[in-house]
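Student: I have just opened a new structure and would like to learn how to read it. Could you walk me through its features?

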Amino acid sequence: MSNTQEYSFFQHKIRQLCGRINTAFDMLKDYKVCKCNLSKVIVSDDIEETGANDSMPMRYWALDKALKDETFTARDSFIDIGCGQGRVLAYMLLKKQPCKLTGVELKESIADYCRAWAQRYDNVEILCKNALEIDYNQYTYLFLFNPFTSSMLEKFIYYLESNLTKSVRLCFFGNNIIYRLLKDRPGWTLEKHGVSYKKGPLFIHYWPQKFAMYTYTPQ
């Protein structure tokens with residue numbers, strides 16, 4: 001084995017170990033808020049039909065990185081689009097954010113799992129709906145952790161532009177496509193962007209993950 005191969009193998013093992021450490025910390029926080037585990041990856045078996053990606057739980061430390069400077073009040077209404085088992089909502093509860101929290105999930109079984117733990121919180125609502133059937137004018141903050149395929153994301157952005165009558169803030173966490181879609185697009189302003197990768201010496205993700213905050217103002 002060459003030095004390069006040895007280094008790559010070592011880095012792979014380090015990232016695997018960091019992943020297990022991250023999952024352990026995440027599960028501790030899950031049980032503190034939800035009394036259940038939100039770490040399961042749920043593979044989508046109908047991506048081509050629905051445009052919905054696999055349901056992946058976010059890391060709490062990644063959410064710290066993306067949302068640490070965001071301010072929420074009791075007048076805000078936050079929606080996680082493609083909420084899965086509800087990790088982002090659990091994070092908001094853990095941080096004692098005072099706003100109304102909503103999660104929307106297409107698959108009924110996943111929505112039911114999320115609803116089961118969330119029902120103990122008066123400010124949390126779980127919807128089992130298509131993301132293109134919701135009136136987003138009732139929300140002030142939209143969060144997306146790469147829930148859609150590229151073509152579906154384009155449809156979603158167009159849906160927002162066609163239906164919103166007031167300004168909203170949007171956080172997208174995942175791949176680079178959002179930058180291409182929204183660059184120089186009328187009404188969209190990039191407020192902040194960054195990368196989540198490490199917390200000190202600990203890898204949060206196997207590969208760097210980008211996030212971006214936008215404000216959309218209807219034209």
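Tutor: Let us start with a helix packed on strands; helices (H or I, at least four residues) and strands (E, at least two) are DSSP runs, numbered from the N terminus. Here helix 6 (residues 150–163) lies across strand 1, strand 4 (141–145), strand 5, strand 6 and strand 9. Helix 6 runs at about 175 degrees to strand 4; axes are lines fitted to C-alpha atoms, for helices over the stretch in contact (heavy atoms within 4.5 Å), and angles run from 0 to 180 degrees between N-to-C directions.
One caution: this is a predicted model, where local features need pLDDT of at least 70 and side-chain atom pairs count only at pLDDT 80 or more, while totals for chains, interfaces and linings use all residues. Residues are numbered from 1 along each chain as its sequence is written, and side-chain values use heavy atoms, with hydrogens and water left out.

Student: In what order do the seven strands of the open sheet come?

Tutor: Strands of a sheet pair through backbone hydrogen bonds, either parallel or antiparallel. Two strands count as paired if DSSP finds at least two bridges between them. In this sheet the order is 3-2-1-4-5-9-6, with mixed pairing. Strand 3 and strand 6 (188–196) are the edges, each pairing on one side only.

Student: Which strands pair in the parallel sense with strand 2?

Tutor: Strand 1 (residues 77–81) is joined to strand 2 by five bridges, and S77 stands opposite K100 in strand 2. Strand 2 also pairs with strand 3 (residues 124–127) over four bridges, where V104 has L127 as its partner. For an antiparallel case, look at strand 5 (residues 168–174) and strand 9 (residues 209–216), which share seven bridges.

Student: What handedness does the β-α-β unit of strand 2, helix 5 and strand 3 have?

Tutor: A crossover is right-handed if, with the strands pointing away from the viewer, the path from the first strand over the helix to the second runs clockwise. The unit with helix 5 (residues 108–118) is right-handed.

Student: Which residues have the most contacts inside the largest nonpolar core?

Tutor: In soluble globular proteins, nonpolar side chains tend to be buried together. A nonpolar core is a set of buried Ala, Val, Leu, Ile, Met, Phe, Trp, Tyr and Cys residues joined through side-chain atoms within 4.5 Å, where buried means under 20% relative accessible area (1.4 Å probe, protein chains only). The largest one has 38 residues, and L67, F78, L89, M92, L101, W117 and F143 have the most contacts inside it.

Definitions and conventions:
Buried means under 20% relative accessible area, exposed over 50%, partly exposed in between (1.4 Å probe, protein chains only).
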